[in-house]
Amino acid sequence: RGLILLLDNAGGVIFDRVAPARLLERDVQRELFVTPPRINPAHLLRAAGVEVVELREAGELPGLLDAVRRGRFVVAWLRRSREATNDDLDRLYRVADRAG
């Protein structure tokens, strides 16, 4: 049993956060650094027999946690835009800075 959160932002967000990428215009940076995945991760996992549940809102997570406690193994697939992912990371870093 277990729960894995699959954050799907079409790949390459890590390169938004490195210094050389920040020196380039956004369109140029994405063309050089971003390689969108060619395979849908949820389809691949389902083909391997893994249960995948697409999260549409955070309120769905407690139900999945209950299912895991009852013995299920679930991959929770959350699609996010690149911008939303970067905003989320910025918030996490601010919280970590305040805590440290």
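With which side chain does the side chain of Asn86 make a polar contact? The partner is the side chain of Arg17, at 2.7 Å. A polar contact here is a pair of N or O atoms within 3.5 Å; within protein, one atom must be able to donate a hydrogen and the other to accept it, and residues adjacent in sequence count only if both atoms are side-chain atoms.

Before going further, some ground rules. This is a predicted model, in which local features need pLDDT of at least 70 and side-chain atom pairs count only at pLDDT 80 or more, while totals for chains, interfaces and linings use all residues. Residues are numbered from 1 along each chain as its sequence is written, and side-chain values use heavy atoms, with hydrogens and water left out.

We begin with the whole chain. The protein chain contains 5 helices and 3 strands, where helices (H or I, at least four residues) and strands (E, at least two) are DSSP runs numbered from the N terminus. Read from the N terminus, the order of these elements is β-α-α-α-β-α-β-α. The radius of gyration of the protein chain is 16 Å, well over the 13 Å that the globule rule gives for 100 residues, so the chain is more spread out than a compact globule. This radius is taken over C-alpha atoms, and the globule rule is 2.2 Å times the number of residues to the power 0.38. Along the principal axes, the C-alpha atoms fill a box of roughly 50 × 40 × 20 Å.

Next comes the surface. The accessible surface of the protein chain is about 7300 Å², and 57% of that belongs to carbon and sulfur atoms; such areas come from the Shrake-Rupley method with a 1.4 Å probe, and for residues only the protein chains shown count as cover. Of the 100 residues in the protein chain, 23% are buried. Buried means under 20% relative accessible area, exposed means over 50%, and partly exposed lies in between (1.4 Å probe, protein chains only).

Contacts show how the chain folds back on itself. Contact means heavy atoms within 4.5 Å. If we take contacts between residues at least 6 apart in sequence, 68% of them join residues at least 24 apart.

Asn86 counts as buried because its relative accessible area is 12%. Leaving aside neighbours within four places in sequence, Asn86 is in contact with Val13, Asp16 and Arg17. Helix α5 also holds Ala96. With a relative accessible area of 44%, Ala96 is partly exposed. The C-alpha atoms of Ala96 and Thr35 are 29 Å apart, and these residues are 61 apart along the chain.

Helix α2 (residues 26–33) includes Phe33, and Gln29 is found in helix α2 too. Is Gln29 buried or exposed? Gln29 is buried, at 5% relative accessibility, whereas Phe33 is partly exposed, with a relative accessible area of 26%. Not counting residues up to four places away in sequence, Phe33 touches Phe15, Ala21 and Leu24. With neighbours within four places left aside, the contacts of Gln29 are Phe15, Asp16, Ala21, Leu24 and Val34. Asp16 is 17 residues from Phe33 in sequence, and their C-alpha atoms are 8.3 Å apart in space.

The strands give two further examples. Ala76 is found in strand β3, residues 73–79. Ala76 is buried, since its relative accessible area is 0%. Leaving aside neighbours within four places in sequence, Ala76 is in contact with Leu3, Ile4, Leu5, Leu6, Val53, Leu55 and Leu64. Ala76 and Leu65 are 11 residues apart in sequence and 10 Å apart from C-alpha to C-alpha.

Strand β2 (residues 51–54) contains Glu51. Glu51 is partly exposed, at 31% relative accessibility. Beyond residues up to four places away in sequence, Glu51 touches Arg72, Phe73, Val74 and Val75. Phe73 lies 22 residues from Glu51 in sequence and 7.0 Å away in space, C-alpha to C-alpha. The side chain of Glu51 also makes a polar contact with the side chain of Arg72, at 2.4 Å.
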